[in-house]
Amino acid sequence: MSGTFMGMPAFPEAAREAVDNPTLRGNLRHATHTIRAKRAKAVAEVSDWAELREAGKRIKDHTLRHLDHYLVQLEEAVTAAGGIVHWAADADEANAIVTRLVQETGESEVVKVKSMATQEIGLNEALEAAGIRAYETDLAELIVQLGKDRPSHILVPAIHRNRGEIRDIFEKEMGEWGRPAPEGLTDTPAELAEAARLHLREKFLRAKVGVSGANFMVAETGTLVVVESEGNGRMCLTLPETLISVVGIEKIVPTWRDLEVFLQTLPRSSTAERMNPYTSMWTGTTDSRAADGPRVFHLVLLDNGRTDTLADEVGRQALRCIRCSACLNVCPVYERAGGHAYGSVYPGPIGAILSPQLRGTASEIDASLPYASSLCGACYEVCPVAIDIPEVLVHLRERVVQGGPAVREGNKVVLRPAKGHAAERAAMRAARWAFSHPGALRAGQRLASRTRRAHPRHLPGPGKAWTGSRDLPPLPAEPFRDWWQRTHGGKDGVQ
Amino acid sequence: MRVALFLTCVNDTLYPDTGRAVVKLLNRLGVDVDFPMAQTCCGQAHYNTGYRHEAEPLARQFSDVFGEYDAIVTPSGSCGAMVRELYPRMGERARAEGRGDSLARTLAPVVTKTYELTEFLVDVVGVTDVGAYYPRTVTYHPTCHGLRGLGLGDRPRRLLRAVKGLELVELPGAEECCGFGGTFALKNSDVSAAMGTDKVRNAESTGADVLCAADNSCLMHIGGTMSRLKVGMRPVHIAEILASTEEEPAV
């Protein structure tokens, strides 16, 4: 994944900064609550939502189960339609392929459609290193790029910015990248959008190479699909002579008919629209020779940890994800911690189960992500492909603390437990022992009750994590079981 | 019908009043309830923190202790969800690991017989008016595992609305997590505290005297935050409200 995120501190530490930043908290609260309410309304309009959700889940599960078959079918169809298919096992391979393809055109700049896959592999940085400038054309991605920032949301990468901040970024940075912001730019949405439009227009008209991802790839015809709201994608997909699409291998659907499901569930879950304003579909270059569109089309199929993820029975459901962001918008942890704390282009609940699978759990940030959740279940409830995120989180917690079998880079391995959990493991074992011996539990409860007046209000060590923000409940004079035995005689008489 | 109270380790140790309230309430409704003394913990904290293998013996023990009863009632949405939702999953995982059906078979009997208290009252006993009296303004926080895990729906609110003297006021953002989340409260204490503070501020804005929930672990976090923020509200478990009568009002 993108080098910019490596070496991140663990989630709790990274989140602290966001929790203490009132502007960021305000921005995120406003944005997530607004879209949360809109999504709920858009979903409630659809009488067969539950069926659509189930259908989406089944289509994705079926496709993933037969991914080998559909990938080959897709490759054949794309090739037959005049496209060229490349296979990339990891980020480095994908970046090298795209860099070479751009270099072969002789161009030194590309325009980009908003794409999670290219963010995941850090394509912009790789192109930059080869002297190729990649221009983001999605409004929010543009804000992030101009602000030398990192995306903090899948759909709205600049969700952490407010209008005033965006105005300042435009005014200060646009001139460095091309057409400067108009004089006297204010922070009204219309003016900001117009500034971006003018700035981007010259890039659209000049660019000879476009780079995109795709929301879906239809195996039966080799058709790629991009859904978007701004029309920048349509520009990048139709104007340049060469189009390079980098797409994760899990984005396949078998047939056009399957799209019917996702073209309903994705916009409503994502932007709370009944239908997204722009749906672009293209099939190789066959059609475009006669009309508009790129003359050369390359499809780079990206693995980058997906096959490893697919090997895990519980975790593989994460590959059903259609990147709608509904789980981010509803997540109480994301709302307080912000997207950057997740140390990946995939923040929020889906990021917390995707990153530790795509990248493994070796780094501090990745090992901490499965714990970045209160397991409240709101994410699972809104997921349009029914990914049981809490289930996968707990499964990955197990992988972190207990280790166990996994697949990394195509090889079966046995992971060792992550460092830093020895005290917790000992405490869990001790608790299990006490809970397995009711007499011991009772002795402990009695001891605690009898010494209750001596208990400190603020705990030292790990207990500080509780008493730093909350008071402890007063201990009762006797545990329930003592009362029960006094009053009911302990019917089944353990001690 | 032989009914067992699965009080939970947290309630047994820290909130015996809730246990006494459940006994009083069920007895008043003509349900004879037993408290099997060998009960301890369902294993939820172990399981949810990633120690599934430590949780397994606790689940087996739960099944040994409660397997003979016709119904198992618990005043905790999350421990109820542990048994109902996660015990079957533990059985499935054991099977997937090639350890056969033994765990699934051992746990199966308790899964379908376990009820959260408000479910038991509404669905099994068949009452919504339990004859309670509680002259306070109350706002209700639906805890996550009860709401989304067990699907308690409007059962707790229906029970509260039928309580004499009680004025129920809606909690803004009611369905948002309070930030407890078991070990989450310790591992991500900053985020947990921020969520708790927002929950408390929302509760405060209702002007209610009491914040009610059906899970004391969440109330321990919310109440601890209220106390630290010096908010003059009390966290009260729904069992204590439903047990309160004109003759014997809750304090």
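Here are some questions and answers on a predicted model with chains A and B.

Q: How many residues does each domain of chain B bring to the contact between them?
A: On the domain 1 side, helices H1 (9-14), H2 (16-28), H3 (44-49), H5 (77-96) and H7 (117-125) of chain B each supply at least two residues. That side divides into twelve nonpolar, nine polar and six charged residues. The contact takes 23 residues from domain 2 of chain B and, from domain 1 of chain B, 27 residues.

Q: Which residues of chain B does UniProt list for "domain: Cysteine-rich"?
A: The listing comes from an unreviewed UniProt entry and has two stretches of chain B, 3-83 and 138-222. In the model, residues 3-83 of chain B are 58% helix and 11% strand, with end C-alpha atoms 16 Å apart. Residues 138-222 of chain B are 49% helix and 12% strand, and there the end C-alpha atoms are 15 Å apart. So much for the model; the entry's answer is residues 3-83 and 138-222 of chain B.

Q: Which helix gives the most residues to the side of chain A that touches chain B?
A: In all, 54 residues of chain A are in contact with 56 residues of chain B. By class, the chain A side has 30 nonpolar, ten polar and 14 charged residues. Among the elements that give two or more residues to it are helix H1 (11-19), helix H20 (422-436) and helix H19 (389-402) of chain A. The one that gives the most, with six residues, is H19(A).

Q: Which element supplies the largest share of the largest nonpolar core?
A: This core has 222 residues, and those with the most contacts inside it include Phe11(A), Leu302(A), Ile241(B) and Leu242(B). Phe11(A) touches Tyr342(A), Leu369(A) and Asn188(B), among others. The largest share of the core is eight residues, and it comes from H5(B).

Q: How many residues of helix H16 (residues 348-358) of chain A are buried?
A: The cover over its buried residues includes helix H13 (306-310), helix H14 (326-330) and helix H17 (364-368) of chain A. Among the buried residues are Gly348(A), Ile353(A) and Leu358(A). Just after H16(A), Gly360(A) takes a positive phi of about 90°. The helix is mostly covered, and the buried count is eleven of eleven.

Conventions
Residues are numbered from 1 along each chain as its sequence is written. Chains are lettered from A and ligands numbered from 1 in the order in which they are written. This is a predicted model: local features need pLDDT of at least 70, side-chain atom pairs count only at pLDDT 80 or more; totals for chains, interfaces and linings use all residues. Two residues are in contact if their C-beta atoms, placed from the backbone, lie within 7 Å. Helices (H or I, at least four residues) and strands (E, at least two) are DSSP runs, numbered from the N terminus. Ala, Val, Leu, Ile, Met, Phe, Trp, Tyr, Cys and Pro count as nonpolar, Asp, Glu, Lys and Arg as charged, and the others, Gly among them, as polar. A nonpolar core is a set of buried Ala, Val, Leu, Ile, Met, Phe, Trp, Tyr and Cys residues joined through C-beta atoms within 7 Å. A residue is buried if 20 or more other C-beta atoms lie within 10 Å of its own, exposed if 12 or fewer, and partly exposed in between; C-beta atoms are placed from the backbone. Lists of a residue's contacts leave out its neighbours within four places in sequence.
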